Every structure is written in structure tokens, then in C-alpha cells.
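Here is a short report for a reader meeting this structure for the first time. Look at the model, then read on.

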Amino acid sequence: MLFDGLDLRLPIGESAAVMGPSGSGKSTLISCALGLVKPQGSVTVADADLTGMRRRQLARHRSRYTGVVFQFGELLPELTALENVALAALLAGTSRKDAYADAERLLVELGVPRAKRPTGTLSGGERQRTAVARALINKPALLLADEPTGALDDTNRNSVAELLFKVPKQWECALLVVTHDEQVAMRADRVFHLADGHLLERSGG
Amino acid sequence: MTSAKGAPLWWQLFRVGAAAGRSASAGRARFVALACAALAVSIAVSTFTLIFAAYDGRDERGADRTPRFAQSASDPEARALWKPAFDEVNNTQFSIVYLAPLRADAPLPPGVSAWPEPGQAVLSPALLAAGRSEGIETRYGAVAGTIGEAGLASPGEWLAYVRPGTDLVVPESMRPVTRFGSFASLGFGEAMFVQPIRLLLVLAAFMAAMPAAALSVSAARAGSDARDQRTALLSALGGGWRTRAVINIGEAAVPVAVGALAGAAAAAMTLIRNTHLPIVDFTVARADAQHWWWGVLGAPLAAMVLVLLCVVLMHPPQRRPQGTRPRLAKTRLPRWWPYLCPLMVFVAVRGPELAPTPSTRLLIYAIGVGATMLTLPSLVGLLAAAIGRGLAAAGRRTGRSGALVAGRWAAAWPGATARLTAGVIIAFVLVGQTQLWTTRNTGPAVQAQQTVDRVGSSIVLVSHPRETPVPQGFLHALPPGTEALRLKIEPKSGHAELNGPCEALKRVALPCSPTATPVELRGIDPRLGELYSWDTPAQGLSARQTTDPQGPLVVLVGQSGQQISVPAVKQAANAHLGMSVTVDTVAGSWLTSASMQQHLGRWTLLFGIFAVIVIVIAIVVSNLAEFVRFSRQITALSVLSGNRTIYLSTSFFALFMPLLGASLIGLTAHYWLATPMTSNTYSGGSELSWPLLAFVLAAATALAFLVWLWGAYGAVRQAHNWRPAAD
């Protein structure tokens with residue numbers, strides 16, 4: 001049993017960071033929030049329980065309400081930053097015009113000026129900002145970030161973390177960050193430690 | 001060396017490899033590829049064995065049926081008379097042997113159980129089946145039975161033992177025989193019409209072994225990025241080549257074993273029953289395969305070892321890459337290289353016209369075709385990049401995400417598309433060229449075909465061995481309405497004379513006069529025109545009416561434009577004229593020799609088709625693996641957006657469209673490159689086989705469809721198992 005009596009509520013506009021050693025189940029926690037792993041109990045996102053959903057329903061719900069930022073961005077290097085972001089909207093069924101307009105606006109707001117260059121040529125920080133933009137384009141209720149600064153140098157780490165933790169207030173969503181990095185975690189409204197299957201909130205976080 | 005748990009280390013490493021194979025991203029494509037490779041290698045090795053087995057068996061049975069000759073017919077040891085000759089069915093030549101017993105205890109050749117009656121024949125089953133349409137069952141008299149396999153070079157051999165009617169036996173033209181069975185084969189029958197063994201071995205090496213080796217390499221390297229990483233890791237951990245080899249073998253063992261098993265099943269079939277090869281219409285005798293059973297059954301084992309060896313050798317120690325950015329290949333072709341391609345197509349298509357001699361024409365053509373094939377991939381690469389950019393732009397304009405992603409990918413990595421497309425185009429052209437070269441006729445054969453097209457069998461020539469009257473029995477046995485003339489050629493002047501009764505002369509619009517009348521060649525009956533140009537020295541022709549025609553060639557003519565049944569004439573000739581009488585249409589023998597050449601050429605076609613299938617599998621496999629690697633990039637996105645159709649659309653643009661496009665380009669390229677071969681520029685006579693091309697196009701489309709769905713399915717399956725894993 002990986003988790004035992006795990007309980008976490010995250011309202012809109014609030015951020016939480018989960019820390020823990022490797023293998024403690026941080027990524028599994030993200031998988032639970034995405035509905036890819038179905039634990040005993042319930043996982044509720046935007047007032048709907050994921051554990052009882054069928055695959056199709058779950059996929060629709062996930063695309064409508066959840067966004068994810070990965071450690072390595074998981075962007076397509078051949079596509080431009082703009083296309084990478086717009087692609088997520090297109091795949092979720094947004095019209096072409098709206099998808100590109102929203103993507104362009106988001107990238108400007110998030111500070112990716114070279115949005116029309118292939119993503120493979122961007123810096124690590126720019127790539128991760130693009131990843132954040134992509135996660136936000138479908139206006140998710142829950143934004144998940146899996147080691148979002150793990151592959152960045154110090155300067156980029158700070159700027160991406162700053163950007164990320166502004167998101168809940170600015171875009172009206174909840175943010176759950178899984179990280180090793182104490183300095184990143186400290187920016188969250190609440191900080192948890194995942195150890196032995198238990199989630200312990202650090203007081204004064 | 002054993003571990004704490006007791007299992008030997010190599011076994012644990014082997015199992016690590018096997019587990020890695022199951023979970024690898026391009027695992028299924030590689031599984032199928034390795035299995036196909038093992039099967040292909042097994043077939044290639046079996047082919048070598050069966051070639052030796054078939055030639056060995058043919059020699060052995062050839063020796064068994066070779067007669068021991070006596071000095072003369074009066075030799076007390078002489079017990080039978082023997083005479084080999086030729087005949088043909090469907091323009092295909094075969095051996096017939098005339099036999100006549102001298103004594104009651106006359107020996108029989110192997111495969112023949114009893115002496116046929118005079119005027120009867122014993123035929124091989126394949127000849128009996130193939131010659132039905134030409135009346136083979138009555139051509140030499142009644143069929144008394146069939147020749148057993150022990151008496152045939154191969155089960156599909158065409159052979160006839162004919163016992164002529166008593167009055168037709170001419171002992172002085174036959175050789176006395178004491179018994180059958182010699183140390184070496186005399187080489188009549190099938191042995192006279194087959195390729196020399198070295199040629200088949202060369203074909204097998206180039207068109208079976210080499211493509212199978214290419215497939216093995218491609219399969220071994222499919223989805224190699226993850227394994228290269230593992231190899232580097234193992235090296236860093238201190239694992240030697242043995243460790244790496246055992247893991248790699250463990251990963252490949254199951255698919256290779258599956259392929260080898262399929263190969264073993266195919267090999268076993270050759271031991272159980274006679275194996276008929278399509279296209280070349282050759283049957284491998286079960287007995288021959290059984291004689292070489294160790295080679296036949298060893299082939300799949302050898303294939304297994306060879307493919308596994310290839311897997312090990314294809315994963316050399318990796319140097320850790322410097323940096324993470326993809327680097328450009330070090331060796332690059334010059335910028336102008338792709339643009340040579342259209343020029344080379346031009347050289348191949350138009351060049352031969354400019355050459356002065358046939359051999360230079362051939363050389364220019366071969367250089368043109370070869371250079372086109374060499375330069376094509378880079379041109380396709382350029383086009384792929386351009387089309388990729390266009391596709392991406394269109395995808396962006398229309399909001400089609402599949403077109404956008406596939407277009408950007410093709411533009412960024414044109415090499416992948418070029419390999420896929422160029423490979424298929426080259427395969428297409430190869431099949432086409434093989435077919436063209438095998439149907440290539442030399443000049444006289446082309447003219448012969450034209451003659452046959454014009455007059456066919458409305459005029460039939462029968463050689464009459466002696467300057468004696470044609471027996472009335474023969475004339476009566478001819479199809480109704482057939483008239484006979486005889487052709488005589490003055491040896492010194494080369495002047496030809498057609499003589500015969502007035503009825504016959506009138507049939508071909510010749511004057512009836514008892515004195516030789518020169519014939520005006522202008523406006524002559526077309527049948528005579530062809531006869532004049534093919535069977536006389538063209539030194540003038542005259543006609544003479546006579547009741548006692550003379551000349552070594554009996555010319556049979558039907559009523560105007562009516563075709564005479566050649567099989568019926570042959571039957572009449574065999575019954576009344578004697579042994580080995582030649583019956584032919586005008587120019588027909590030229591066609592027979594061309595047809596025999598084509599028959600040999602079909603071996604090239606058979607091997608060519610095998611080669612192309614194997615090469616296409618190799619190309620498709622490496623591209624499927626590449627596609628799965630590429631589609632891994634969109635996995636996270638597609639899972640999060642709940643959109644799986646993107647795989648169907650990217651696979652459509654990345655695999656289906658290039659494959660289908662390649663087939664169409666290949667067809668066009670082939671059509672163009674074939675122009676000099678099909679026109680009379682080069683030597684003429686090759687025929688574009690539209691059914692073959694249609695079949696190849698249909699197969700390519702079906703393959704494209706399969707690859708499209710396979711690619712999409714592989715990617716969807718990968719997405720299904722995806723989990724975020726930054727831990």
C-alpha cells in the first residue's frame with residue numbers, strides 16, 4: 001500500500017506543494033489526480049469524483065479541468081512554442097482561431113517572446129514557461145506540476161517558480177506542485193511531506 | 001558464477017533482457033521485425049540447401065536414366081534403341097526420347113514400369129497436365145502411362161518416352177543400349193534447360209541472403225535509442241561485452257525463436273511433400289530435400305544463430321554523448337547531389353537514343369538507372385522537407401493538429417521520410433526493372449513475334465527428312481482444308497522454289513504452271529512474304545506446278561486466313577513421317593528460344609520479389625520504430641487532452657501518405673525509366689506488365705494502410721500505459 005488515509009483538499013486560488021524522497025509516491029499522487037491511477041476512496045476534481053468515471057468520461061473531464069506541467073516540459077521540439085500551446089487547445093476541441101489567439105496572448109503574458117521559433121531552440125526557462133502556458137490554455141480548475149523546475153538552472157528555477165505560484169490567483173485555479181526543491185515548495189500556500197504513505201502538513205507553510 | 005538466489009548470472013541477465021524486450025516502446029514492431037528477419041534468413045539458408053539438393057538429385061536421377069551404349073545394334077549386349085529429340089508445348093521446349101526394344105528383356109528407363117506398345121508414349125505428369133491444350137495425350141499416339149518420380153529430374157519435369165510405330169523405327173538413326181544407369185548424367189531432359197547452379201547461387205546470395213541480412217540489421221536496430229542508452233549504462237556499471245550480449249540476446253531470443261520456428265515449419269514442409277515454386281513453375285522433390293535433411297532442418301537453427309549474432313554485433317559499446325542537442329551527421333552529401341536525380345532520369349530515358357552502339361546504349365541506360373536510384377533519396381528528402389513545411393502550414397491554417405505535427409516532424413527530420421519513401425520507390429523500380437529485363441527480347445525475337453502476330457499458324461512448316469514423297473497417310477491426317485507445297489532451295493544461287501499441286505499453289509495466289517515461274521514479291525500473299533524472309537536466303541522465289549513435289553520443307557497452308565492446328569499436324573507427323581520431325585510456324589522457333597530465355601529470367605523475378613518483400617519489411621519496421629519514438633513526444637499531451645485521434649491523423653500523414661505517395665512516384669519513375677526498354681531504342685521487346693504493376697500498387701496500398709493503422713495502434717497503446725514519472 002503506497003498511500004494510507006491520504007486526505008488533501010485544495011480550493012480555487014490556493015497552491016500546495018508536496019515534498020518527499022524519491023519513491024515516496026509523489027508522481028503516483030499526480031497520477032491519482034489525473035485519474036490514471038484509481039485508489040480506494042475518492043479523488044474529486046471540480047466537484048466530480050474521478051474514481052467512478054468511465055475512460056471516455058474521465059478523458060473529457062481531465063481535458064476540461066486539469067492542466068499539467070512536467071519536469072522536462074514534454075513539448076514537441078519541432079513545433080514552435082505557439083503551436084505547442086495551441087495544439088493543446090486544438091486537441092481539446094477549441095476552434096483554430098481561438099486556439100492560436102489564446103496561445104499567443106498567454107505566451108506574451110508568461111514572457112515567451114520568441115514564440116514563433118521551434119521549441120527545440122528555446123532556453124530551458126522559456127521552454128518551461130511554454131509548458132505552463134500549454135497547461136493553462138484550456139483554463140483548468142486544477143493545475144498539476146510534476147518537478148517543474150527539476151531540469152532548470154538557478155536563475156530560471158526562480159523565475160519559473162515565481163510565475164507558477166502566481167497562477168492560482170491570476171487564472172483562478174488550484175495548483176498542486178510536486179517537488180524535491182525546498183525553495184520552490186516554500187512559495188506555496190501549504191507545504192506537505194509525503195512519507196510512508198502519509199501526507200503531513202508542515203505548519204507555518 | 002551464481003547469484004545469491006542460486007540462478008546463474010547469465011540466466012538472470014537473459015531474463016532482464018527478455019523483460020526489457022516486453023516493455024520497450026517499439027517492442028512489438030521489433031518483435032515482428034526480428035521474427036520476420038529470422039524467417040527470411042531461414043528461407044535464404046534453406047534456399048541454398050535446396051538448390052544443392054535439387055541439382056544433386058537431378059544429377060543422380062540423370063545418371064540413373066543415362067543409357068549404357070553398345071557398340072552397334074548387332075552387339076549381342078544391345079537390348080534396346082534410344083534416340084533423344086526435342087519438342088515444345090506453349091513455346092517451351094522439352095526433351096522426348098524415342099525408345100524401341102530389340103529383345104524381350106529390353107531394359108526400361110527408371111520411372112517407366114512397362115513397355116508401351118508401338119505408337120504409344122509414356123509422359124511425365126507435368127507434361128501431360130501442361131500439354132492438354134495442345135493435344136499432348138494424342139501427339140505421340142496413345143498415352144500408355146506416366147513416368148514415376150524416380151525417372152524424372154524433378155517432379156515438374158516435362159519428358160516423354162515415345163515408342164514409335166514399328167514402320168517408323170529407323171535403327172541407324174538410333175543408338176543401341178545395353179541398360180540404363182551410368183556414373184554421370186548425359187544431361188538430356190530438364191538439365192538442358194536450367195540455369196547453371198552458380199547462377200542460382202549468385203541470385204540467392206544477392207537477392208535472398210543480402211536482403212535478409214539487411215532486414216536483420218534493421219530489426220536489430222529498431223528502436224535502438226533506448227537500448228543504446230542501456231548499453232552505455234551497462235558499460236558505465238562495468239558490464240563487459242558478455243553482459244551486454246546476454247541481455248541483448250535475452251531481449252531478442254523469443255521473437256527470433258518464433259521466426260526460426262516458422263522457418264522450421266516451412267523447411268519441414270519441403271521434407272513432407274513436393275514443393276511447387278510459383279512464377280518459375282519448378283517443383284522441389286521431397287526426396288531431394290530428404291536427402292539433404294540436415295541442411296534443411298539446420299537452416300532455421302543457423303538463422304537463429306545468425307540473427308542473434310547480428311543483434312549482438314549491432315549493439316557495440318556506446319560512447320556517452322556530449323551534450324543533449326541532436327548533432328548533424330558528419331558526412332554530408334554535396335548540396336547539388338539531389339538535383340542530379342532529374343538529370344539522371346533524363347540520362348536513363350533519353351541517353352540511350354544518343355548512343356551509337358547497342359552496348360553503349362545498354363551501358364548508358366544502366367548508369368542512368370543506377371544513378372537515379374542513388375540520388376533519389378536525397379531529392380526525396382528535400383521534397384519531404386518542403387512538403388512537410390507545406391503540410392504544417394496547411395495544418396496550422398485549418399487547425400488540423402495531425403497535419404501540423406506530422407508536417408513539422410517531416411520538415412525537421414526529412415531523413416526518416418526519405419528513407420521510407422525512397423526505399424519503396426527503389427523497391428518499385430527494382431521489381432519493374434526485373435520484370436522488364438526478364439521479358440527483354442532480342443531483335444530477331446521481336447520481329448518473330450511480329451511475324452507470329454501477322455500470320456500465326458496459317459502457314460505451318462514440316463521438315464521431311466528424306467527427299468521422298470510425303471506419305472498419303474500424313475496428308476489425309478491433316479486438318480481438313482490443308483494443302484501441302486514443298487520448298488526447295490538451290491544450294492548455289494540461293495533461289496527458292498515452291499512446288500506442288502495447282503490447288504495448293506492457288507491457295508497462296510501462285511500461278512499454276514509446270515515450268516518454274518518467278519514470283520513477283522510485291523503484293524504477294526502475306527504468308528509467303530513471311531516464309532520468304534524467314535526461311536529462304538531471299539534470292540528470289542519461283543513457283544512450279546507438279547504432282548511430285550520435292551524439297552526438304554513441307555509447307556502447309558490453310559484456307560485464306562484460317563489457322564492450322566499445329567498440335568494436329570504434329571500428331572499426324574509423329575504417326576506417319578517418323579521420329580523427331582520438326583513442325584513449326586514461320587519464325588516460331590525464334591519465339592521458342594526467346595521464351596526459353598524468359599523462362600530462365602523468371603528465376604530472377606522470383607528472387608527479385610522475395611528481395612523486395614524483405615527490403616520493404618525492413619524499411620517499414622525501421623520507420624514504424626521511428627514513428628513510435630516520435631509519437632512518444634505527444635503522449636502526455638494526448639493523454640491530458642483525452643484525444644487519441646491525433647495518432648490516427650499523425651500516422652496518416654507520417655506513414656500512410658509517404659508510402660502511398662512513394663508507390664505512385666515509384667510507378668511513374670518506373671514508367672519513365674522503362675521507356676527505352678519498351679520502345680525500340682534499346683533493343684526493344686520488353687513489355688510493361690500492367691497486371692504486375694497493378695498488383696504491386698495494390699500491395700503497396702494495402703501495406704500503407706496496414707502500417708498506418710499499426711503505427712497509430714502502437715502509439716495509442718503507448719499512450720494507454722503512460723504515467724507521469726519524474727520521480
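## The interface of chain A and chain B

Chain A and chain B bury about 3,000 Å² between them. Of that area, 60% lies on carbon and sulfur atoms. Buried area is the accessible area (1.4 Å probe) that two parts lose on being put together, summed over both. In chain A, the residues that lose the most area to chain B are A:Leu36, A:Glu78 and A:Leu91. Together they make up 23% of what that side buries.

The contact joins 38 residues of chain A to 30 residues of chain B. Contact means heavy atoms within 4.5 Å.

## How the model is read

This is a predicted model, in which local features need pLDDT of at least 70, side-chain atom pairs count only at pLDDT 80 or more, and totals for chains, interfaces and linings use all residues. Residues are numbered from 1 along each chain as its sequence is written, chains are lettered from A and ligands numbered from 1 in the order in which they are written, and side-chain values use heavy atoms, with hydrogens and water left out.

Two salt bridges are counted between chain A and chain B. A salt bridge is a side-chain nitrogen of Lys or Arg within 4 Å of a carboxyl oxygen of Asp or Glu. B:Arg396 and A:Glu83 meet in a salt bridge, at 3.5 Å from N to O.

Which helices of chain A supply at least two residues each to the side that touches chain B? They are H1 (26-34), H2 (55-65), H3 (81-91) and H4 (96-109). Helices (H or I, at least four residues) and strands (E, at least two) are DSSP runs, numbered from the N terminus. H3(A) gives the largest share, six residues.

## Strands of chain A

Strand S7 (residues 190-195) of chain A pairs with two strands. Four bridges join S7(A) to S1 (residues 15-19), and these run parallel. Five bridges join S7(A) to S8 (residues 198-202), and these run antiparallel. Two strands pair if DSSP finds at least two bridges between them.

A:His193 takes part on both sides: its partner is A:Met19 in one pairing and A:Leu200 in the other. Two residues lie between the strands in the hairpin of S7(A) and S8(A). There, A:Asp196 takes a positive phi near 50°.

## Helix H18 of chain B

H18(B) spans residues 566-576. Its buried residues include B:Val566, B:Val569 and B:Lys570. Buried means under 20% relative accessible area (1.4 Å probe, protein chains only). Just after H18(B), B:Gly578 takes a positive phi of about 135°.

Methods
Buried < 20%, exposed > 50% of the residue type's maximum accessible area, 1.4 Å probe, protein only.
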